[in-house]
Amino acid sequence: MDKIVNIMVSNGTLCNEIYKSAFLYSGRILECGSPRNDILVNCPETFVIKVKDYFNIPHSANIVIYAPTYRNGRKTDKMQLDGQRVLEALSKKFGGDWYMLKRLHPTMVQCAGGLGYGKNIINASEYDDMQELLAASDVLVSDYSSVIGEFSIMKKPVFLYAEDISSYSRERDFYVDYFELPYLIAEDEDKFVENIFSFDKKIYEDKVCGYHKKIGSVENGTASKAVVDAVYNHIRKEFG
């Protein structure tokens with residue numbers, strides 16, 4: 001890796017450690033945050049309106065995005081969370097009208113048709129920019145995807161639905177202890193709905209802040225500028 005990479009961009013201490021262990025990398029690391037997450041830190045209202053208009057969602061409505069990650073064999077059998085039941089629970093807990101965007105991993109877009117949709121449950125797997133979807137959403141439901149850490153930068157609620165945690169952990173494992181993450185975890189739908197009703201905003205935000213501090217997160221909304229400056233300075237130094 002050192003022979004083909006001049007700079008690796010990191011979002012914090014944990015990311016640095018993963019680069020060194022997973023890629024055997026010992027070169028320069030620019031610890032500035034991820035450029036793609038700048039809009040999550042700054043979270044401009046522009047993206048909320050853009051996404052709602054794209055999917056014909058009323059501006060007054062709330063959005064939950066369901067974004068499960070890749071499975072071996074690209075199977076969707078462990079992604080059949082009852083969207084309508086989730087929407088009803090969210091409406092009872094937080095109030096208002098809710099819509100669900102279902103977003104599969106980019107390598108599984110062709111499988112998106114295998115998930116259930118309806119009036120308030122929309123296929124968002126082919127939308128160009130995942131970070132725009134995250135910025136526009138009020139709640140995230142996922143399983144083992146890295147988007148859980150990115151979404152919680154905004155301190156918005158994250159709920160984990162991990163029906164196949166045992167088999168998934170044997171296949172891929174994790175860089176951190178999954179059950180020490182600051183998010184409510186459920187292995188079945190009944191527990192998942194229970195977690196929605198038991199959600200406590202203050203407790204959650206305290207845990208999320210503690211977690212991001214623990215992993216040394218440096219996301220501050222200026223990563224894009226930092227990367228452009230670093231590339232410019234590197235080119236000027238190397239090529240004059």
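User: Which residues of H8 does H4 meet in this model?
Analyst: Happy to start there, bearing in mind that this is a predicted model. From H4, the residues involved are Arg-85, Val-86, Ala-89, Leu-90, Lys-92 and Lys-93. By class, the contact of the two helices has seven nonpolar, no polar and five charged residues. On the H8 side, the partners are Glu-189, Asp-190, Phe-192, Val-193, Ile-196 and Phe-197.

User: Are H4 and H8 roughly parallel or roughly antiparallel?
Analyst: The axes of H4 (residues 83-94) and H8 (residues 189-198) come within 9 Å and cross at roughly 20°. Angles under 35 degrees count as roughly parallel. The two helices, H4 and H8, are therefore roughly parallel.

User: Is the crossing of H4 and H8 left-handed or right-handed?
Analyst: Good follow-up, as the angle of roughly 20° between the axes leaves the hand to be stated. For H4 and H8, the crossing is right-handed.

User: Which helix gives the most to the lining of the largest pocket?
Analyst: This pocket has a volume of about 1,300 Å³. Of its 46 lining residues, the closest to the centre are Tyr-144, Ser-145, Ser-146, Val-147 and Tyr-175. Strand E1 (7-10) and helices H1 (13-22), H5 (130-136), H6 (147-151) and H9 (201-214) each supply at least two lining residues. The top contributor, with six residues, is H1.

User: How many charged residues are in the lining of the largest pocket?
Analyst: Sorting the lining by class gives 25 nonpolar and 14 polar residues. The charged residues there number seven.

User: Which elements give two or more residues to the lining of the second largest pocket?
Analyst: About 170 Å³ of space lies in this pocket, and its lining has six nonpolar, one polar and five charged residues. Among the lining residues are Thr-13, Leu-14 and Glu-17, along with Lys-207, Tyr-211 and Lys-214. The elements giving two or more residues are H1 and H9.

Definitions and conventions:
Residues are numbered from 1 along each chain as its sequence is written. This is a predicted model: local features need pLDDT of at least 70, side-chain atom pairs count only at pLDDT 80 or more; totals for chains, interfaces and linings use all residues. Side-chain values use heavy atoms; hydrogens and water are left out. On a 1 Å grid over the protein atoms alone, a cavity is a set of points where a 1.4 Å probe fits but cannot get out, and a pocket is an open set with protein on both sides within 12 Å along at least five of seven lines; lining residues have an atom within 4 Å of a point. Grid points are joined across faces, edges and corners, and a volume is the space filled by probe spheres set on the points. Helices (H or I, at least four residues) and strands (E, at least two) are DSSP runs, numbered from the N terminus. Ala, Val, Leu, Ile, Met, Phe, Trp, Tyr, Cys and Pro count as nonpolar, Asp, Glu, Lys and Arg as charged, and the others, Gly among them, as polar. Axes are lines fitted to C-alpha atoms, for helices over the stretch in contact, and angles run from 0 to 180 degrees between N-to-C directions. Angles under 35 degrees count as roughly parallel, over 145 as roughly antiparallel, 65 to 115 as roughly perpendicular and the rest as oblique. A crossing is left-handed if the near helix is turned anticlockwise from the far one by less than a right angle, and right-handed if clockwise. Contact means heavy atoms within 4.5 Å.
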